[in-house]
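This briefing sets out the fold, the sheet, the core and the aromatic contacts of one protein. The entry is shown first, and the points follow by topic.

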Amino acid sequence: MKYWNKKRIERSNWTKIVVSTNDYNKERFLWCKRQASTGRFYRYYGNNHWWFENKEDALLFALRWGT
């Protein structure tokens, strides 16, 4: 997956996952970047929300990191 840092409007139809902690975990970020998906993801550093372009990517993330 590619990291996407554009405006919120473009992410309006993406799937949002909320993780239980607000700490920045570089392992989660690197895990996303290593996935073979062609989709994109976004994480805002001010909260614990992650957005995924593909629902399948969001599901894998939720299963891996236990929301």
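A residue counts as buried when its relative accessible area is under 20%. On that basis, buried residues make up 36% of the 67 residues in the protein. The model is a predicted one. The protein holds two helices and four strands, and their pattern along the sequence is β-β-α-β-β-α.

**Overall features**

- Among the contacts with a separation of 6 or more, 64% are between residues 24 or more positions apart.
- The accessible surface of the protein is about 4600 Å², and carbon and sulfur atoms account for 50% of that surface.

- The four strands form an open sheet in the order 1-3-4-2, with mixed pairing.
- Strand 1 (2-3) and strand 2 (15-18) are at the edges with a single partner strand each, so one side of each has no neighbour in the sheet.
- Strand 1 and strand 3 (residues 40-43) run parallel and are joined by two bridges; Tyr3 has Phe41 of strand 3 as its bridge partner.
- Strand 3 and strand 4 run antiparallel and are joined by three bridges. Arg43 has Trp50 of strand 4 as its bridge partner.
- A hairpin through five residues connects strand 3 to strand 4.
- Strand 2 and strand 4 also run antiparallel, with four bridges between them. Across this pairing, Ile17 stands opposite Trp50, and Val18 stands opposite His49.

**Strand 4 and its two faces**

- In a regular strand, side chains alternate between the two faces of the sheet.
- In strand 4, His49 and Trp51 point one way, whereas Trp50 and Phe52 point the other way. All four of these residues are buried.
- Leaving aside residues up to four places away in sequence, His49 touches Lys16, Ile17, Val18, Tyr42, Arg43 and Tyr44.
- With the same exclusion, Trp50 touches Thr15, Lys16, Ile17, Val19, Arg28, Phe29, Cys32, Phe41, Tyr42, Arg43 and Phe61.

**The nonpolar core**

- The largest nonpolar core has 13 residues. The members that touch the most other members are Ile17, Cys32, Phe41, Trp50, Phe52 and Phe61.
- Helix 1 (26-34), strand 4 (49-52) and helix 2 (55-65) are the elements that give two or more residues to this core.
- Helix 2 makes the largest contribution to the core, with four residues.
- Two of the core members named above, Trp50 and Phe61, are buried: the relative accessible area is 1% for Trp50 and 0% for Phe61.

**Aromatic contacts**

- The structure contains twelve aromatic pairs.
- One of them is the pair of Trp50 and Phe61, with 4.9 Å from centre to centre. The planes of these two rings are 35° apart, and the pair is tilted.
- Because Trp50 lies in strand 4 and Phe61 in helix 2, this pair ties together parts that are eleven residues apart in sequence.
- One aromatic cluster is formed by Tyr3, Phe29, Trp31, Phe41, Tyr42, Trp50, Trp51, Phe52, Phe61 and Trp65.

**Charges over rings**

- Arg40 lies over the face of Trp4, at 4.0 Å from the ring centre.
- Arg64 lies over the face of Trp65, at 4.3 Å from the ring centre; Trp65 is also a member of the aromatic cluster.

Methods
Residues numbered from 1 in each chain as written. Predicted model: local features only at pLDDT ≥ 70, side-chain atom pairs only at ≥ 80, totals over all residues. Heavy atoms only, no water. Core = buried A, V, L, I, M, F, W, Y, C linked by side-chain atoms within 4.5 Å. Buried < 20%, exposed > 50% of the residue type's maximum accessible area, 1.4 Å probe, protein only. Contact = heavy atoms within 4.5 Å. Phe/Tyr/Trp six-rings, centres within 6.5 Å; stacked < 30°, edge-to-face > 60°. Lys NZ or Arg CZ within 6 Å of the ring centre and 35° of its normal. Areas by Shrake-Rupley, 256 points an atom, 1.4 Å probe, with all protein chains shown as cover. Pairing = 2+ DSSP bridges.
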